[in-house]
Amino acid sequence: MQIEIYGCRLELVQGDVSEQQVDAIVNAANSRLAGGSGVDGAIHARGGPTIIEETRRRYPGGCPTGSAVASGPGELPCRLLIHAVGPIWHGGGQGEPEQLRGAYRKSLELATEHSCESVAFPALSTGAYGYPKSQAANVTLAAILDFLAEHAAPAVVRLVLFTQEDYKLFSAVAKERVDKRKG
Ligand code: ADP
């Protein structure tokens with residue numbers, strides 16, 4: 001699914017985020033930047049060991065939840081790798097929506113600062129971190145659309161959903177939110 005909005009293109013696809021041909025790929029990292037399962041596992045397996053060597057050296061304290069840091073891409077087919085740390089779900093009353101929003105926002109800031117015209121995201125926090133998917137979809141789409149409204153960049157933002165079910169859910173939320181904004 002592709003949507004033109006605020007002079008940019010929002011794309012939703014089903015697939016593996018580590019395979020996307022874009023300027024910047026976003027990893028679903030943990031705050032220690034220690035590598036893990038899910039998206040993190042796929043990124044480090046495909047990207048090779050130089051990524052974790054670099055993040056250990058540049059960010060020895062890790063990255064706070066709700067933010068993101070950048071590294072080189074290793075063997076990945078992109079120019080920039082962005083390690084975004086979404087929140088672990090603790091019921092929703094401990095700042096999770098603001099933190100999830102912050103992780104997307106900081107990633108988009110890093111992408112634009114590095115002149116990346118296209119960026120691919122996984123659905124942060126919706127795997128091991130247990131964020132309910134429908135709520136995550138709403139926070140995610142609001143965060144991305146707000147950023148595009150303010151900055152009219154990056155030119156292409158692609159959300160990469162791993163399963164068909166997630167693709168359908170995020171696409172329905174995207175359509176609803178865009179229709180509302182276009183009035
Ligand atoms: P988190 O710890 O932030 O929840 P996960 O990597 O466990 O991150 O999962 C985030 C989302 O990414 C989940 O919806 C999961 O199904 C999906 N996912 C897992 N592997 C990949 C992949 N290679 N590409 C895109 N999405 C993936």
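Predicted model: local features only at pLDDT ≥ 70, side-chain atom pairs only at ≥ 80, totals over all residues.
## Arg158 and its neighbours

Contact here means heavy atoms within 4.5 Å. Leaving out residues up to four places away in sequence, Arg158 touches Glu11, Val13, Gln20, Gln21, Val22, Val119, Ala120 and Phe121. Arg158 itself belongs to strand β7, which covers residues 156–161.

Is Arg158 buried or exposed? Its relative accessibility is 16%, and since buried means under 20%, Arg158 counts as buried. Two of the residues on that contact list also pair up with Arg158 through polar side-chain atoms. The side chains of Arg158 and Glu11 meet in a polar contact of 2.7 Å, and the side chain of Gln20 makes a polar contact with that of Arg158 at 2.8 Å.

## Around the ligand

How many residues surround the ligand? There are 15, and the closest are Val39, Ser125, Thr126, Gly127 and Ala128.

On the nitrogen side, a polar side-chain atom of Asp16 sits 2.9 Å from a nitrogen atom of the ligand. On the oxygen side, a polar backbone atom of Ser125 is 2.9 Å from an oxygen atom of the ligand. Ala128 also takes part through its backbone, with an N or O atom 2.9 Å from a ligand oxygen atom.

Next up are helix α1 (residues 38–47) and helix α2 (residues 50–58), which pack at an angle of about 110° with their axes 8 Å apart. Why call them roughly perpendicular? Angles of 65 to 115 degrees count that way, so α1 and α2 are roughly perpendicular to each other. On the α1 side the contact is made by Ile43, His44 and Gly47, and on the α2 side by Thr50, Ile51 and Ile52. By type, the residues of this contact split into three nonpolar, three polar and no charged.

Val39, listed among the closest residues to the ligand, falls within the 38–47 range of α1.

Tyr6 is worth a look for its backbone: phi is positive, at about 55°, although Tyr6 is not a glycine. You'll find Tyr6 in the loop between β1 (2–5) and β2 (8–14). Its relative accessible area is 34%, so Tyr6 is partly exposed.

What does Tyr6 touch beyond its sequence neighbours? Not counting residues up to four places away in sequence, the partners are Leu145, Leu148, Ala149, Ala152 and Arg181. Take Ala149: it is 143 residues from Tyr6 along the chain, yet their C-alpha atoms are separated by 5.7 Å. With Arg181, Tyr6 makes a side-chain to side-chain polar contact at 3.2 Å.

Is Ser115 buried or exposed? With a relative accessible area of 52%, against a cut-off of over 50%, Ser115 is exposed.

Finally, check the peptide bond between Ala153 and Pro154, which is cis, with omega about 0°.

Conventions. Residues numbered from 1 in each chain as written. Heavy atoms only, no water. Helix = DSSP H or I, 4+ residues; strand = E, 2+ residues; numbered from the N terminus. Buried < 20%, exposed > 50% of the residue type's maximum accessible area, 1.4 Å probe, protein only. Polar contact = N/O pair within 3.5 Å; in protein donor to acceptor, adjacent residues only side chain to side chain. Axes fitted to C-alpha atoms, helices over the stretch in contact; angles between N-to-C directions. Parallel < 35°, antiparallel > 145°, perpendicular 65-115°, else oblique. Nonpolar A, V, L, I, M, F, W, Y, C, P; charged D, E, K, R; others polar. Near = heavy atom within 4 Å.
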